[in-house]
Amino acid sequence: MKNYLAFDLGASSGRAIIGHYDGQTIELEELHRFANGPHAVGNQLFWDIDTLFAEIKEGLRKALATGTPIDGIGIDTWGVDVCYLGADGKLIGLPHHYRDPRTDDVMPWTFERISKEEIYRETGIQFMNLNTIFQLSASLRDKEEALQQADKLLFIPNALTYLLCGNVSAEYSIATTSQLFNPTTGDWAWKIIDALGLKRSLFPRITPSCTVAGTLTPEIQKEFDCGAIPVILIGGHDTASAVAAVPAVKETGWAYLSSGTWSLMGMELPAPCLSPAAQAANYTNEGGVGNTIRFLKNIMGLWLIQECRNQWIREGNKYSFAELATMAREQAEPFFAIINPNDHLFEAPGDMPARIREFCKTTGQRVPDTPAQIARIALESLALRYRQTWNELEQLTGQKLKTLHLVGGGCQNILLNEFTANAIQATVVTGPVEATALGNILGQGIATGTIGNLDAAREIVKRSTPTQTYQPTDAALWEEAYKRFQKICESSNSIG
């Protein structure tokens, strides 16, 4: 039996999970769960990295308290955000949150120094103002003191790994989210870094996914009275770990959708797709476990429903996500109105129901006035956005898609699963729900030699977790809705 401790940190919560691997299947045991979210300082948003590390230590304490031998520790998080490390080995200040408004107007400043076309040729990454390139551009423009003092930058999972074991590196999958990595050379995009005036020494060496970074520091070993547990650089970007756990074994013609706060939809490719058409469609080439390329698009995802729910809770209506899905199914008219989930209007936290109503009014549609109707509009529109991406993937890669593997917490939304199958008119297979944690654990197994490779890891997933299959219906109804969606998107202010 091997026991790997996975820390899976998302934009709203984090968890510590032990994966018990008996050589055939993995059984997950959740030990610790904690809240996460933006930390406001004035008009800026940050991550409370000290509190996150304290929660990781609490998860480690609970894992050790079980008496189970721990064979490895791996951390995955969201992408793009970075911490600064000083020459004294200490983190400098708090890392900016990707929704911090300082990057709202920084793209023109960046493109004055290097063109948009050159950036895409160098990186193959989708243009979003939250990307690391634009965060660093904002720090340069604003002469941010923390950047000026920094000796190295560390992406969030790599910063937390550093605090555990002292390793300074940039794991492949998380580094590729930055729009400062060249997938052709496998190294940093030095041309862009030089054009922006960033110090080359700021960027750590690129380390392959599934690499042992080191062991717990002597200080942590003493604090917890434990041994030298390996700390492992798995697919540090949560989507990279989630895609590693897609149970597509010896299968062709499949795409994936990692569904959570963000929806990340794409295909696994052996090499980047850097065509002008891919740039025009704003597709991204990020790194995956096994030195693969995740060719994908970021879609706003269940952020829409999460923010709607938060607003209704503030108003005194404590709907659960399950209740909202039931209300949308039973109390709302199909295709009452349609939104573009990736419109800039929906990007920031706040009163999401009001913004959905505003979008409907601005686009000349009927304006919803009930939570049930607003929830249904959000879910239907998400499914239609998936259809658009499905079509684009086929066109850009020249491959015919047959199956969509939908993984992550969002696959528990049965109504959205049904809508997605209907929208793309293809088979949708959902599960595992815990794809990211499973991928994290599988990455640790690969790094320590317990699991042979990515194909072997996916066989384990298939044996370990149930899946659910959805077949499409109502083709004509969804085809008509998709035509409406396309017209609405033409005039929408989309982020990608």
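Mentor: We begin with a pair of helices: α15 and helix α19 (residues 475-490) pack at an angle of about 85 degrees, with their axes 10 Å apart. Axes are lines fitted to C-alpha atoms, for helices over the stretch in contact, and angles run from 0 to 180 degrees between N-to-C directions. Helices (H or I, at least four residues) and strands (E, at least two) are DSSP runs, numbered from the N terminus. This is a predicted model, in which local features need pLDDT of at least 70, side-chain atom pairs count only at pLDDT 80 or more, and totals for chains, interfaces and linings use all residues. Residues are numbered from 1 along each chain as its sequence is written, and side-chain values use heavy atoms, with hydrogens and water left out.

Trainee: How is α15 oriented to α19?

Mentor: Angles under 35 degrees count as roughly parallel, over 145 as roughly antiparallel, 65 to 115 as roughly perpendicular and the rest as oblique. The angle therefore makes α15 roughly perpendicular to α19.

Trainee: Which residues of α15 and α19 meet?

Mentor: Contact means heavy atoms within 4.5 Å. Among those in α15 are E380, R385 and N391, and they face a group in α19 that includes W478, Y482 and F485. By class, this contact has six nonpolar, three polar and four charged residues. Here Ala, Val, Leu, Ile, Met, Phe, Trp, Tyr, Cys and Pro count as nonpolar, Asp, Glu, Lys and Arg as charged, and the others, Gly among them, as polar.

Trainee: At what angle do α12 and α15 pack?

Mentor: Helix α12 (residues 303-314) packs with helix α15 (residues 371-397) at about 165 degrees, and their axes are 10 Å apart. The two are therefore roughly antiparallel. L304, I305, C308 and W312 of α12 make this contact with residues of α15 that include P371, I374 and L382.
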